[in-house]
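Good morning, and thank you for joining. I would ask you to look at the structure on the screen while I speak.

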Amino acid sequence: MPLFCRLLPLCLVVVMLPFRSIQAASLTVLTSFSETPVRAVIDGFSEQYPEIRVEVIYRRTTPSLRLLTEADAPPVDIIMSSSPTFFNTLDKAGLLAPLPNATIPPDWLNPHTLGLSNKVAVVGYSSSGIMYNRRYLTKYQLPLPTTWQQLASPVFMGHVMMSSPSQSGTTHMMVESVLQQYGWEQGWALLMRLGSNLSAITARSFGVSDGITRGLAGAGLVIDSYAFNSQVRFDHVGFNIMPDSVILPTYLGVTRSSANPANGALFIQYLLSARGQAIIGTPGMAKATLSQPALARQTRYVTDKALLYRRAGLLKALFEQTIIQQMPRLKMTWQGINGADTQQEPWRIKLLEQARRKASMPPLNEQQAQDPALLALFDGMYDREQGNPQAERVMHQWRQVMEGRLNEAQRLVEQAVKP
């Protein structure tokens, strides 16, 4: 018997109720994952426990939170997602119930987890990277992309897809990892160059993998499981894990309002069993299991979770105003910068460098982004139905600053290339 299976009873103790008490019960799962990976898990659980009727609700993280707080919302027993900010918000709102007993992730995965072992179970994990379409790359004579810098290079202009941090918890984690690894100034410069290369921003993170598979773009940022599921069906799809990829554990929690907490505990127990872990690691769910440490151990980057939670709302709003709302202007500006002929004349080179700095600079610096009052203004903004008028005014100011800087960058490019 594998060591993991022998140790499992020591890591998880689930209160098991008599069979009669769960025989006619149901289980409702709310998840931010797409249907393909979740279906593999649900089918396996239903095969082992056919007496439990399972329903699944698919929502992005923000609509999920709204659903859980609505008075007439459908009952939810289990929440499944890879977004630590989502579960952190749920915990702060008192929406998570204590598990029958704490689940303890392996030591090698623990640095990448939430730390809420009494309320959240970890059943597997993913990495992030670049998914690409080989046929598309060949058609447009593009190189195989392996880094953020490559995706942000001029050669990939118009050939990249990604989701938005405000729509996708996994995309939020990837964007945050750029800022934490490269620093505020260089990180935003990289993100803004990448933004100028985007052909589309998808509403869901799995929309990126779908779009790349269909040839709507050459490459995009995804978690590995979406790429692996596409690779099973299409041989023209490839995937490269980025250096120091962010590790994204798969979390499960039982809602405080659950009418079937015993079934929720049983579902977690199943996914931590040898049979459940086999499904976690095979096509469908396509996650690394808790007995596969290699991927997590080779990743040096560990997210500063306190920083992640503190500026989550601000980062989402800033990405929206700096990149998504400015995409046409951003593309035009960088197209001019990338295509400018300086004729190797120093004065033209200097003007072009000034244009690059203008087009790479977010509307607030790192010190401003640490202002507690500003952070409080955006804290939880994407969790609420109603907007915040004061935050809206600040975002309007950001848009004006960005428009001004991009206009100035275009003016500098025009000066640099004039006869």
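Helix H9 crosses helix H16 in a right-handed manner, meaning that the near helix is turned clockwise from the far one by less than a right angle. The model is predicted, with local features needing pLDDT of at least 70 and side-chain atom pairs pLDDT 80 or more, while totals for chains, interfaces and linings use all residues. Residues are numbered from 1 along each chain as its sequence is written, and side-chain values use heavy atoms, without hydrogens and water.

H9 covers residues 184-196 and H16 residues 312-324; their axes lie 11 Å apart at an angle of about 45°. On the H9 side, the contact (heavy atoms within 4.5 Å) includes Trp184 and Trp188, and on the H16 side Leu314 and Phe319. Its residues comprise nine nonpolar, two polar and no charged.

The largest nonpolar core has 118 residues, and Phe378 and Trp398 have the most contacts inside it. Such a core is a set of buried residues of nonpolar kinds joined through side-chain atoms within 4.5 Å, where buried means under 20% relative accessible area, exposed over 50% and partly exposed in between. Helix H21 (residues 389-417) supplies the largest share, ten residues. Beyond four places in sequence, the contacts of Phe378 include Gly313, Leu314 and Trp398.

Finally, which backbone angle sets Ala286 apart, although it is not a glycine? Ala286 has a positive phi of about 55°. This residue lies in the loop between helix H13 (274-280) and helix H14 (294-297).

Key
Axes are lines fitted to C-alpha atoms, for helices over the stretch in contact, and angles run from 0 to 180 degrees between N-to-C directions. Helices (H or I, at least four residues) and strands (E, at least two) are DSSP runs, numbered from the N terminus. Ala, Val, Leu, Ile, Met, Phe, Trp, Tyr, Cys and Pro count as nonpolar, Asp, Glu, Lys and Arg as charged, and the others, Gly among them, as polar. Buried means under 20% relative accessible area, exposed over 50%, partly exposed in between (1.4 Å probe, protein chains only).
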